[in-house]
Amino acid sequence: MEPSPRRRTAAPSLSPPVDFVLGAAACCMACVFTNPLEVVKTRLQLQGELRARGSYPRHYRGVLQAMVAVRRADGLWGLQKGLAAGLLYQGLMNGTRFGFYSHAEDLGLTQQPGGTMAAGAVAGALGAFVASPAYLVKTHLQAQTASAMAVGHQHNHKSISGAFEAIYKRQGLLGLWRGVSGAVPRVTVGSSVQLATFASAREWVARQQWFKEGSWMVALAGGMVSSVAVTVAMTPFDVVSTRLYNQPVDETGTGKHYRGFFDCVVRVSGKEGVLALYKGFGPAYLRLGPHTVLSLLFWDELRRFTSWWQATR
């Protein structure tokens, strides 16, 4: 889940289009640091797909061991697999989210009862839909690895552009939005829960006086506290989304493993157990807090720099 568009810095005054671009850029910068956890999360969520419980080799056994396993199988750069697609996803996702939410603010919709939650949820759903093709390619690329360590279907794309081209040729334009039925509820739920918890968690941490007033550690700790609720709410949707995006399809573009969102939930919980819906919980949690804080930090600095640059022209 990405940082809430409600967490906007009041200091610099910038035009909405500039603010949208800077918000997307800040999330892209944070993605560079957190993408290795995305790779690990994807592998963990695909591990044991459609196999009887306990009947598959566990290549990845937790965050640290999984990172070591990825490093050994794919080299150091393997921890940044799918980075280009991840950056594209962040830009499209957050540009749309920030844009819609800011427009809702300008119209006064967020001042209505429940307006903040509703605007955040709709903004998240729109962002997930627009950026779905990038997330699809990101998932394919992050799942690819040496055959001895492979989990899930291997699409064997050579590059991000090759992935888009191959998907379009085989499945047409609609094929690029395969899996969106899992992505939209995932981001909608995450946006709503994050909006409801991040600010209050940060204020609670500040009241505990564990850190100096104004310290960036307050925001980090608040983000990590909030991330517990967000990760609990999002992870089942995230697992389903990853499975739907990565599954192979037949000549008509129909998934070979799952018919849709609810079918995926039933099959995963039936074959692998209900707890399989929480695969990848560890790296998802460890990513959310730092990603939120880094995004907000980079956004604040980019906005200050842009404001200074505009004033000195």
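**Figure 1. Helix α5 in the predicted model, residues 132-143**. At 1.5 Å a residue, the 12 residues of α5 should span 16 Å, and the 17 Å between the end C-alpha atoms agrees with this expectation. The helix is mostly covered, with 12 of its 12 residues buried. Among the buried residues of α5 are S132, P133, A134 and Y135.

**Figure 2. A nonpolar patch on the surface, formed by L88, L92, F129 and V130**. Together these residues have about 310 Å² of accessible area. Two elements, α3 (83-106) and α4 (115-130), each give two or more residues to the nonpolar patch.

**Figure 3. Cysteines C27 and C28, neither of them in a disulfide**. A search of the whole structure finds 0 disulfides. For C27, the nearest cysteine sulfur is that of C28, 7.2 Å away. For C28, the nearest cysteine sulfur belongs to C31, at 6.8 Å. A disulfide would require two cysteine sulfur atoms within 2.5 Å. C27 counts as buried because its relative accessibility is 1%. C28, at 19% relative accessibility, also counts as buried, because the class covers values under 20%.

Key
Residues are numbered from 1 along each chain as its sequence is written. This is a predicted model: local features need pLDDT of at least 70, side-chain atom pairs count only at pLDDT 80 or more; totals for chains, interfaces and linings use all residues. Side-chain values use heavy atoms; hydrogens and water are left out. Buried means under 20% relative accessible area, exposed over 50%, partly exposed in between (1.4 Å probe, protein chains only). Patches are made of residues with over 30% relative accessible area and no salt bridge: like charges are joined within 9 Å, nonpolar side chains (Val, Leu, Ile, Met, Phe, Trp, Tyr) within 5 Å. Accessible areas come from the Shrake-Rupley method with a 1.4 Å probe; for residues, only the protein chains shown count as cover. A salt bridge is a side-chain nitrogen of Lys or Arg within 4 Å of a carboxyl oxygen of Asp or Glu. Helices (H or I, at least four residues) and strands (E, at least two) are DSSP runs, numbered from the N terminus. The expected span of a helix is 1.5 Å times one less than its number of residues.
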